[in-house]
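Here is a short report on a structure with more than one part to look at. Keep the view open as you read.

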Amino acid sequence: MDRKFLAFVLLFSLTLTFIVRLFFLQIINDSYKFESEKNARQKIIQYPNRGYVYDRNNVLLVTNQPAYDLMILPRNVKDIDTAEFCRLIDITKESYIKRIKKAKSYSWRKPSIFVRELSKENFAFFQEKMFKFPGFFIQKKSLRKYPINSSPNVLGYVSEVSTWILKHDKTGHYKMGDQIGFAGIEKSYEEELRGRAGVKYFVVDVHNRIQGSYHEGMYDTIPTNGKDITSTIDINLQLLGERLMSNKRGGIVAIDPQSGEILASISAPGYDPNLLVGRKRSRNYSKLLDSVGKPLYDRGLLAQYPPGSPFKVVNALVALQEGVITTESKYTCHHGFHWGSLWVRCHCGQFSKPHDLHSAILRSCNNYFSRTYKASIDHYKTSEEGFKVWSDHVKSFGLGKFLNNDLPTGRKGLVPSVEMYDKQYGKGRWKPTYNISNAIGQGEILVTPIQLANMTAAIANHGYYYTPHIVKKINNIDINNSDFTKKRFTTIDKKHFQPVIDGMVAVFESERGTARASRVPGIILAGKTGTAQNPHGQDHSIFIAFGPVDNPKIAIAVFVENGYWGSRWAAPIATLMIEKYLKGEISRKKLEERIVNGSLLDEYQKQAHSESK
Amino acid sequence: MNTKNKHIVSRSKNIITNIDWLLVLLFVLFVITGWLNIYSAILNSEHLSVFDVSQKYGKQLMLIVTSLVLIFITLMLDGKFYERFSSVIYVISILSLVGLFIFGKEVAGATSWYGIGSFSLQPSEFAKFATALAIAKYLSMPNINLKKVKDQFIAFAIILLPAIIIIPQPDPGSALVYAAFLFVMYREGLNGHYIFLGFLTATLFILSIIVDYKIIIGITTVFLILYAIYRNKKSKSISHLAYYFGYIVFFLTIADYVYDNVLEDRHRNRLEVLLGIKHDPSGVGYNQHQSMVAIGSGGLIGKGFLQGTQTKGDFVPEQSTDFIFCTVGEEWGFFGSSLFVILFAAFIARILYKSEQQKLKFSRIYGYSVAMIFFFHFAINIAMVIGIAPVIGIPLPFYSYGGSSLWGFTVLLFVFIRLDSENHSVL
């Protein structure tokens, strides 16, 4: 080949290559075309409707309300009448300039929110004049709405996804501006509730007016709405509980022992869930966070209290199971339990004749349970061995461990272990008398209200419980989660429960029962009062109960912080709620009124005062 | 009117009748449409005067006007002048490149400019012209024969010296253009193995990024052994095979080293994105991806002048410089962009054709160099913009924004037009 031609050949083949490539890019392949028509096309995200939440009787608890964000696309913004614009959406000129600057620094060609959640009036005015303001458009979104001011701790709240979540979300579901559930049902059932966003494309002209759908909606995706959730909560019971707890602090949890469904979960003080909606959310959130009553802290699930006397019931069951007592065993109370220099005081008031199990429960004798606790442990060769058996029994009631339910938070509580005492006293160098407080639910042992309610349910069922849960149905179909339908047995034989429950019935029915004043006319209940010492101030008022005794439909645990003693606040509250749930209304109106109006705020103030010293 | 004036008049008449008007016409066409594209690429919503020097299109217009002065001077000088002063021009050019290490101004990570007030000058754009003159001068000397190793060596030195100075600025793109002279030397009698070796080098380099170099050595060994066994008995190319094999092993070993240790991350990334090892449309591959989106959006007839949406705003960085061709693609569509490709190829072909007609060896080699320089810029730039070559930052002649490149190419072209105009008078 003549050397002259190489360059011509190369030039020719290069030109041909270029033309073929251009033909491919510009004529054949139009995947680049969709991307390039961005400017003539407006993408509107169709947010899905987040699922609704109902109570167990299909009362709507959580719904949605539309909100309208004013969006800006800086590169499309032309000279506009700023004065009119500011007047329409109610912002100052300075604020306008600041927002423009912010949007431009975020991105020149990506839309961002200019004004979050326009009011309905501003939205209506603006929409009519929108064509005058190229580069601005309205993005509809959906916010939560709570028709009933109740149960913020159960329902949780939603918020825009944070950049942290966006970065760590492996599924890639979330995009900037999406909503995500925080706390409560919103969090634990996020995947069911959220649905999937769709996208709609419109053709717009230079003035940003929508001309129609883009390519007949070929690229559009339809949003999938979230699923509706039916909660196990009975909103009437919940509302009553919240009312009864007004001006008090504490937690209440009520469970249906026959299913493990949580009927009520109250944390006092509460707050209006509507406070945590939309653009006012973050301001209100920090206000709530700073509030002295700590309303964001779910006392029903998270507060760990000493269980106090209700725990004696478990000790009785353990002693019966271990065979260290029978129902006939008797102990005489000498104003308490004496062991060497140790003296556990007792105010049972029956010092002349010995207690059997029945009277010990109804009068809550500290001596009796100290002796049975000691006996249960001394039954074994070493304290370690005995204590291990004891704590395993206790744990079988769901204490000292997570319940693994469908609530996003919880605490383990504390059931002391052998190791704990070994560490404290040295291996083999301690005896049950060293931790005799465990006998009466004081000392190291800690429980949350939901654990105590669950323990009550296990007693009501004569020895088993279902994992407490908050959701009944999804899209009106029973959840059918085997975790929640499985009976979880305690290590106590069924036969031992009846005598103990008889004692708990006597707490109401006996002349000397500690909760006699809280009887519910016409219904036989079983219960146990508690008064837990508290290093920070006045004793806590505690009560557990279930009923009706022969066919338990509700088991409840009530903690009232610094409520002096069990029968003063917790017992009336528990029985009023049981009455409401079982009968539909309350006959003891005066008691209800007294409790609702009763306030412990002075007590809390005193405590805060002494702590600040 | 004195005789001197008369002489100028007669000579300029001489030029007017003898210059190649087709090349001038194409030049004018490129400069005008090039400026319109820059105008369209830069133009934002605020309509400013085309003479606004604060905007690139205003500046470019000034540069075009000044290049008219350069054209005038270039055409006025006698053809002999270029031949006689080629060595001087080459030396000055080399010095100006070396001077960058001391007086250079850093722009976007490369020290390739002299800053004179608000004005920057890129000497590498003129070095191509100087090297073309020098190589033409050397190869046209009567006793030079490219079959001789010593002459080959000197010719290579002339080409490689500026390239070697430019690489560490760093500006490997501009240095790559000097490979154009390999074709010039081939035209003048250099052994074809060098060209083959050049292609081989490029191919091997890319292959060695994709697969382990030891595998390539293995495969080539097998092929060469098979070839050696089944080759034509009459062929004497067995020694060539040994050379090639030695070269491949040597090259791949150092290529691996160069790739890992000499190239910077950005170069590696660009290569890897292009070769499909990495997919990264918003990162390293962003420019190229956006550029292909812009071109693809042009469709058959394009969106029309100033109607491009992709090339406005900041979609394609370097829009007015290295990526200017995507404005052509978007606004003028397949018709416009392929017409441009054809016209530019015709322009190069015309220079090649004219070079072959030169009676003076000097003019022929110079013209050939000019054609190959344009060819390399055209090939590398367009291939990059349409996504078939990695991002190598070199301008598209007459189209890309920038004074040094416009002036450099103008001088390069018009010196040839001047030389060509004297062709008929050579006996």
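Helix α18 of chain A covers residues 449-460 in this predicted model. Helices here are DSSP runs of H or I with at least four residues, strands are runs of E with at least two, and both are numbered from the N terminus. At 1.5 Å a residue, the 12 residues of α18(A) should span 16 Å, and the end C-alpha atoms are 16 Å apart, so the two values agree. The expected span is 1.5 Å times one less than the number of residues.

Is α18(A) mostly buried or exposed? A residue is buried if 20 or more other C-beta atoms lie within 10 Å of its own, exposed if 12 or fewer do, and partly exposed in between; the C-beta atoms are placed from the backbone. In α18(A), 12 of the 12 residues are buried, so the helix is largely enclosed by the rest of the structure. Among them are A:Pro449, A:Gln451, A:Asn454 and A:Ala460. After the helix comes A:His462, with a positive phi near 60°.

Residues are numbered from 1 along each chain as its sequence is written, while chains are lettered from A and ligands numbered from 1 in the order in which they are written. Because the model is predicted, local features need pLDDT of at least 70 and side-chain atom pairs count only at pLDDT 80 or more, but totals for chains, interfaces and linings use all residues.

Now take chain A as a whole. It has 23 helices and 21 strands. Of its 613 residues, 43% are buried. Two residues are in contact if their C-beta atoms, placed from the backbone, lie within 7 Å. Among contacts in chain A with a separation of 6 or more, 71% join residues 24 or more positions apart.

A:Asp55 sits in the loop between β2 (53-54) and β3 (60-72) of chain A. Why does A:Asp55 count as buried? Because 23 other C-beta atoms lie within 10 Å. Beyond its neighbours within four places in sequence, A:Asp55 is in contact with A:Leu61, A:Ser231, A:Ile233, A:Asp234 and A:Ile235. A:Lys472 is 417 residues away along the chain, yet the two C-alpha atoms are separated by 9.1 Å.

Next, strands. Two strands pair if DSSP finds at least two bridges between them. Here are two pairs.

| Strand | Partner strand | Bridges | Direction |
|---|---|---|---|
| β13(A), residues 336-339 | β14(A), residues 342-345 | 4 bridges | antiparallel |
| β1(B) | β2(B), residues 110-116 | 2 bridges | antiparallel |

The hairpin has 2 residues between the strands, and A:Gly340 takes a positive phi near 60°. In the second pair, B:Val107 is partnered by B:Ala110. That pair belongs to an open, antiparallel sheet of 3 strands in chain B, in the order β1-β2-β3. Its edge strands are β1(B) and β3(B), each pairing on one side only.

The chains also meet. How many residues of chain B are in contact with chain A? There are 36, facing 26 residues of chain A. The largest share of chain B's side, 12 residues, comes from α14(B).

Finally, confidence. pLDDT is the predictor's confidence in each residue, from 0 to 100. Chain B has a mean pLDDT of 81, and 78% of its residues reach 70 or more. Over residues 1-9 of chain B, pLDDT is below 50. Where pLDDT is low, the predicted coordinates should not be read in detail. The model scores ipTM 0.86 and pTM 0.59.
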